[in-house]
Amino acid sequence: MEISKEHFKKEYSRALTSLYASEIQDLTPLEQYITLGSVVKEYASQNWMQTKKKNQQSQAKQVYYFSIEFLPGKLLKSNLLNLGILDTVREGLAELGVDFASLEAAAADPGLGNGGLGRLASCFLDSMATCDIPGNGNGIRYRYGLFKQKFVNGFQVELPDDWLRHADVWETRRENKAELVRFFGDVHLEEDEEGVIKVSYSNTEDILAVPYDTGILGYENDTVNNLRLWSAEIPTNAELEYYPEERRKSIHSISEMLYPDDSSYDGRLLRLKQEYFFVSAGVQSIIRYYRRLGVPIEHLAEKVSIHINDTHPTMCIPELMRILLDEEGLSWDAAWTITMKTCSYTNHTILAEALEKWPERMLSNLVPRIYQIICEINRRHLESMTVLYGADFTQRTAIIQDGVIHMANLAIIGSHSVNGVAKLHTDILKEKALHDFYLAYPARFNNKTNGITHRRWLLLSNEGLSDLISDYIGTEWKKKPNELYLLKAFKEDTILLEKLEQVKLANKERFAAYVKEEMGIEIDPNAVFDVQIKRLHAYKRQLLNVLHIISLYLKLKETNVEEEMVPRVFIFGAKAAPSYSYAKEIIKLINAVADLINNDATIDDKIKVIFVENYGVTLAEKIIPAADISEQISLVTKEASGTSNMKLMLNGAVTLATLDGANVEIHDKVGDENMLLFGMQDKELYHFYDSNSYHSQEIYDHNPRLKRCLDALVDGTIPNIEAEGREIFDSLLKYNDEYFVLKDYDSYVQAQSRIDGLYRDRKKWNQMSLMNIANAGEFSSDYTIMHYADEIWNVNHNKNL
Ligand code: 26W
């Protein structure tokens with residue numbers, strides 16, 4: 001959109017007058033932010049209405065992306081970028097004496113997600129809008145987001161994330177689009193005079209689901225899609241006396257807070273309520289919109305795609321069946337055909353503890369009609385499959401087994417598409433985790449390797465690099481990120497390589513200033529910034545990283561080999577689920593090692609360990625542009641894809657990785673010469689599993705350096721970790737090291753030791769950095785989402801792949 005600086009300045013002054021009736025300089029950065037937000041929202045509102053009208057008039061097929069988590073990050077800068085007015089507004093504000101950075105710092109970062117799954121959903125929304133796909137996000141408007149993390153004596157402490165204490169400028173409450181969601185009660189099936197089954201309910205507990213819509217702006221196109229987040233409220237038409245305090249509380253509790261677990265299912269009733277709440281509200285609102293199109297219900301699948309982001313929204317399948325059977329009066333088969341054509345499912349993890357298995361009793365009690373429908377889906381599955389594949393197979397794939405409901409099985413049986421999020425992950429689903437289903441429904445299985453929006457993760461968070469790239473290859477790459485490969489032509493261009501180094505150094509200096517400001521620790525921008533940023537989980541092996549750091553420190557202490565070692569700054573960002581005690585012990589260990597090393601003057605700042613507090617989207621935008629090394633060291637087969645690996649690659653970091661998840665595809669692109677590989681590969685791991693022949697004690701007994709390092713966990717070398725050190729020591733030896741940390745230790749240390757030589761050769765290193773940037777375009781979520789559109793949702797998009 002074209003707006004002049006003068007026009008913007010007038011608009012801004014008008015808005016602050018109407019909002020605060022006071023002078024600019026009397027406003028706080030937060031008030032300046034809210035003012036700017038209201039102006040920008042208005043700029044986008046035209047396109048928001050236009051997009052809705054256009055889709056309605058053209059009866060365009062819509063995609064509804066159901067996710068119990070979204071991690072949008074701060075929206076101000078990305079909305080300004082996508083409107084094409086970022087520079088104009090920044091200059092206009094500067095002329096009005098408003099500092100954009102402090103204003104932006106006051107913005108809320110909605111933490112409505114745990115990690116990879118939630119951020120991927122937000123990258124996808126940004127890409128769907130940019131590719132002109134009518135894509136709608138559907139989720140929960142949690143009153144409290146993911147906990148705020150503080151370190152107290154090195155321990156993680158969780159604080160409430162009261163992100164709505166100041167109104168969210170981007171959302172719009174749509175009371176008139178509220179839906180009623182029914183819980184508990186009894187279901188009555190009566191045959192009416194024509195013999196049609198009529199379904200009625202009694203003694204239900206009804207919740208009013210009120211939607212809050214946020215515009216999702218496409219990049220430099222007039223598309224504004226919708227993110228609809230539902231809030232649980234007391235039904236307006238009910239007499240208040242019917243809602244005593246604790247009843248009101250239990251209603252509001254449904255959208256009160258995000259469950260902070262990102263990999264272990266823990267069957268709480270409130271979580272199940274949350275899952276049905278946003279699913280039922282979402283599906284009902286889709287059908288309400290569809291009915292207004294006046295197209296026969298039989299054609300629903302041609303106009304609507306419902307995507308199920310992991311198993312949490314799986315009840316979309318029985319909920320759609322409920323409406324098609326009970327409200328539209330369709331036959332089972334007609335309803336089932338439509339439902340399968342409409343629904344598609346993505347699996348994001350093979351970890352057994354993450355798979356949702358809800359007690360049958362809990363579902364039959366909370367959502368009796370949905371339970372009835374699931375039973376019928378299961379019965380028909382058993383019936384149709386037993387004849388084809390026999391009882392055992394059918395039993396293994398049954399939805400209901402021994403009193404629990406396997407949500408992944410329901411999601412697969414009720415969807416026309418099942419995809420993994422990286423080639424290796426999808427192969428593991430086909431060959432192992434979901435092999436039975438793959439045998440039965442081979443055509444449904446497909447791979448969609450994850451992606452990231454290069455707009456937030458390069459254009460916005462690393463303007464220095466973006467401008468440098470545009471100086472050399474023009475700006476086409478901003479809309480066609482694959483064009484980044486044109487940078488390969490400049491591999492020998494020493495000027496560009498030096499400029500690349502300068503850009504990275506400036507980003508490292510900026511981050512060093514942040515660390516100084518927030519943590520009071522000096523770090524050397526010329527050191528190697530070695531980054532591991534992701535949720536704290538044993539399979540991601542932050543422990544392997546800190547064991548190497550301990551080894552390096554002990555080596556420095558014992559053999560003072562400082563001359564050939566390039567100084568290192570090890571940067572960690574990670575939250576642990578509050579109930580995940582082992583993960584919290586590793587956090588304590590990393591902080592204890594940091595205290596020891598950062599305050600040891602004898603090693604003359606050769607190593608620093610920085611564990612940033614409260615890691616999330618906004619901190620990632622500060623750390624990633626400053627990274628030299630990207631730590632992707634999960635135990636092979638455990639990380640479905642990873643997405644920080646793609647963000648760090650795009651910002652010129654060199655990846656130190658196992659051949660796990662999407663690291664395999666990064667390696668396919670950049671090759672051995674531009675990446676540091678180590679560790680076991682999948683076949684070797686399966687051999688250990690099949691032969692049960694892994695004995696970590698043996699490795700400990702035969703590797704003095706490793707032994708010295710592990711002993712430091714329990715012999716007092718590292719102060720203040722008595723309990724945690726022992727727990728971790730035992731997990732690795734007594735409990736035989738579930739994630740093969742000891743097995744991969746040597747090759748990891750060996751790979752780490754290659755960094756000195758490579759980094760010291762600045763031309764070589766900058767060439768490696770350039771080759772990673774040049775090959776990162778393919779991991780743009782614009783391409784990922786176009787594959788979803790073409791191969792799963794069958795919906796049009798504007799770009800050519
Ligand atoms: C039931 C608790 C729970 C909550 C969230 C279980 C599992 C999850 C998510 C599926 C975990 C998650 O975020 N998985 C990550 O998804 C990313 C996006 O596809 C992948 O890149 C990561 O590899 C995967 O761990």
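Domain 1 and domain 3 bury about 490 Å² between them (accessible area, 1.4 Å probe, that the two parts lose on being put together, summed over both), and 57% of that sits on carbon and sulfur atoms. On the domain 1 side, Lys77, Ser78 and Leu81 lose the most area to domain 3, together 67% of what that side buries. This is a predicted model, in which local features need pLDDT of at least 70 and side-chain atom pairs count only at pLDDT 80 or more, while totals for chains, interfaces and linings use all residues. Residues are numbered from 1 along each chain as its sequence is written, and side-chain values use heavy atoms, with hydrogens and water left out.

As for the layout, domain 1 covers 1-57 + 75-108, domain 2 covers 59-72 + 111-356 + 415-448, and domain 3 covers 454-784, with bounds from an automatic or database domain assignment. The C-alpha centres of domains 1 and 3 are 37 Å apart. Their contact (heavy atoms within 4.5 Å) draws on seven residues from domain 1 and five residues from domain 3.

Lys77 and Glu463 pair up through their side chains in a salt bridge, at 3.1 Å from N to O.

Conventions:
A salt bridge is a side-chain nitrogen of Lys or Arg within 4 Å of a carboxyl oxygen of Asp or Glu.
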